[in-house]
Amino acid sequence: MSRLPIGIVLNGVTGRMGYRQHLVRSLLAIREEGGLPLADGTRLWPEPILVGRSEIKLAEIAQRHGLTEWTTDLTAALARPDVQIYFDAQVTQQREKAIRAAIEAGKHVYTEKPLAEDTAAAVDLCRAARAAGIKHGVVQDKLFLPGLRKLKRLVDGGFFGRILSVRGEFGYWVFEGDWQTAQRPSWNYRAADGGGIVVDMFPHWHYVLEQIFAPVRSVQATIATHIPARVDEQGLEYEATADDAAYGVFELDGGAIAQINSSWAVRVYRDELVEFQVDGTHGSAVAGLRECRIQHRGSTPKPVWNPDLPATERFRDQWQLVPDNEVYDNGFKVQWEMFLRHVHENAAFPWDFAAGARGVQLAELGLRSAAEGRRIEIPSLEL
Ligand SMILES: NC(=O)c1ccc[n+]([C@@H]2O[C@H](COP(=O)([O-])OP(=O)(O)OC[C@H]3O[C@@H](n4cnc5c(N)ncnc54)[C@H](O)[C@@H]3O)[C@@H](O)[C@H]2O)c1
């Protein structure tokens, strides 16, 4: 079987997402499977070109995985004729100018979210990508999680009847960094460095709501910086200037109300780190990263409010587990395979820069809603 190499610049590959999810669990995993099988029988073979700021770190990653191509010179990497795709997993602030350079170099672009720091920049990148005729995409990994795939299947199968509401609970305790090291990078907690949970999570909530339920029509958010000081990777205390919790209400097309709490200052009393409860006239579901449980109207119990007595029912036992019915691969890898097919075979790929720009817009308007203390309608973007 013939093997067709495709050069992919991976920028930000020393970071959490760039290394683990995109290099190791996606592109190298595709290679371990012998490449991506195409319709004509050839196998597309990702050739990663690692790009970053530290020669030592890049060389170490390359050596660990038997790779030979790495550089700290992005311009030179983008000038290579064997490179077809630029991928960006840098800190968000560095993204826009690197993507712009990739578009100017005529490369297809795939990127982590958020696409840019503000809506104007995201819209501009979308226009530039379209004008250059390149293929473009934004990571929307949550859509490919088993739990959310099952939820989508329930929506598509008409399980819920009319959907009334979506309640999302996301978060976990991120250590302050003093007596236990923090499990997230410190830039996440500094507004000036592009941090904040709204900028981080609202783009995810945007595509989850839009693509599983309905487009988002308005946002109302209250944000907080619950932990005002943290300790960074060097052991130095810094002021946390960005929001570490956001309490959002989103009105959807068709009238359903979504309410999503996002927090890095909450302890988990849930089965998974994110869970969505969906209530509809005909049934309800609770979906996490992997599992999804349902309760049909026909098996809905009739609890009676009486705080004088201990609870008589085990409510969690009244739900039924949705079966897998298919094999779920890593969500980042699945989306990479789709983007590679989009580039190479022109296969459909709806998660483009326009979708990414709408996610950035929701974050921006969420922050404005919090600052102004009001509900904000989401205007449609002129793209
Ligand atoms: N899809 C998801 O679920 C998900 C989850 C977490 C983060 N992200 C996104 O991925 C991107 C990277 O996040 P991460 O958590 O991997 O961050 P990280 O701090 O672990 O990695 C950041 C990368 O950017 C590089 N970088 C380039 N210029 C930099 C600069 N001036 N300062 C600091 N680092 C610089 C770093 O070297 C590193 O390779 C962010 O845009 C974030 O929004 C996505």
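Let's start in a loop: asparagine 325 sits between β17 (320-321) and α8 (331-345). What is phi of asparagine 325 near? It is near 60°, a positive value in a residue other than glycine. Keep in mind, as you look at it, that this is a predicted model.

Proline 114 lies in the loop between β6 (108-111) and α5. The peptide bond that joins lysine 113 to proline 114 is cis, with omega at about -10°.

A backbone N or O atom of lysine 113 lies 3.0 Å from an oxygen atom of the ligand. Which other residues bring a backbone N or O atom to a ligand oxygen? For glycine 15 the distance is 3.0 Å, and for arginine 16 it is 2.9 Å. Around the ligand there are 23 residues, and those that come nearest are Thr14, Thr92, Arg95, Asp141 and Trp187.

Now for the helices. Please find α4 (residues 95-104) and α5 (residues 119-132) on your screen; their axes come within 10 Å and cross at roughly 10°. Angles under 35 degrees count as roughly parallel, so α4 and α5 are roughly parallel to each other. On the α4 side, the contact is made by Glu96, Ile99, Arg100 and Ile103. On the α5 side, look for Ala121, Asp124, Leu125, Ala128, Ala129 and Ala132. By class, this contact of α4 with α5 has seven nonpolar residues, three charged and no polar ones.

Let's move on to α7. With α6 (residues 146-156), α7 packs at an angle of about 30°, and the axes are 9 Å apart. Here Leu148, Leu151, Lys152 and Val155 of α6 meet Val208, Gln211, Ile212 and Phe213 of α7. The contact of α6 with α7 has six nonpolar residues, one polar and one charged.

Helix α7 (residues 197-213) also packs with α9 (residues 353-372), at an angle of about 125° and with axes 8 Å apart. That angle makes α7 oblique to α9. Is the crossing of α7 and α9 left-handed or right-handed? It is right-handed. From α7, the contact is made by Val198, Val199, Phe202, Pro203, His206 and Glu210. From α9 come Ala355, Arg358, Gly359, Leu362, Ala363, Gly366 and Leu367. The contact of α7 with α9 has eight nonpolar, three polar and two charged residues.

Notes. Residues numbered from 1 in each chain as written. Predicted model: local features only at pLDDT ≥ 70, side-chain atom pairs only at ≥ 80, totals over all residues. Heavy atoms only, no water. Axes fitted to C-alpha atoms, helices over the stretch in contact; angles between N-to-C directions. Helix = DSSP H or I, 4+ residues; strand = E, 2+ residues; numbered from the N terminus. Parallel < 35°, antiparallel > 145°, perpendicular 65-115°, else oblique. Left-handed = near helix turned anticlockwise from the far one by under 90°. Contact = heavy atoms within 4.5 Å. Nonpolar A, V, L, I, M, F, W, Y, C, P; charged D, E, K, R; others polar. Near = heavy atom within 4 Å. Polar contact = N/O pair within 3.5 Å; in protein donor to acceptor, adjacent residues only side chain to side chain.
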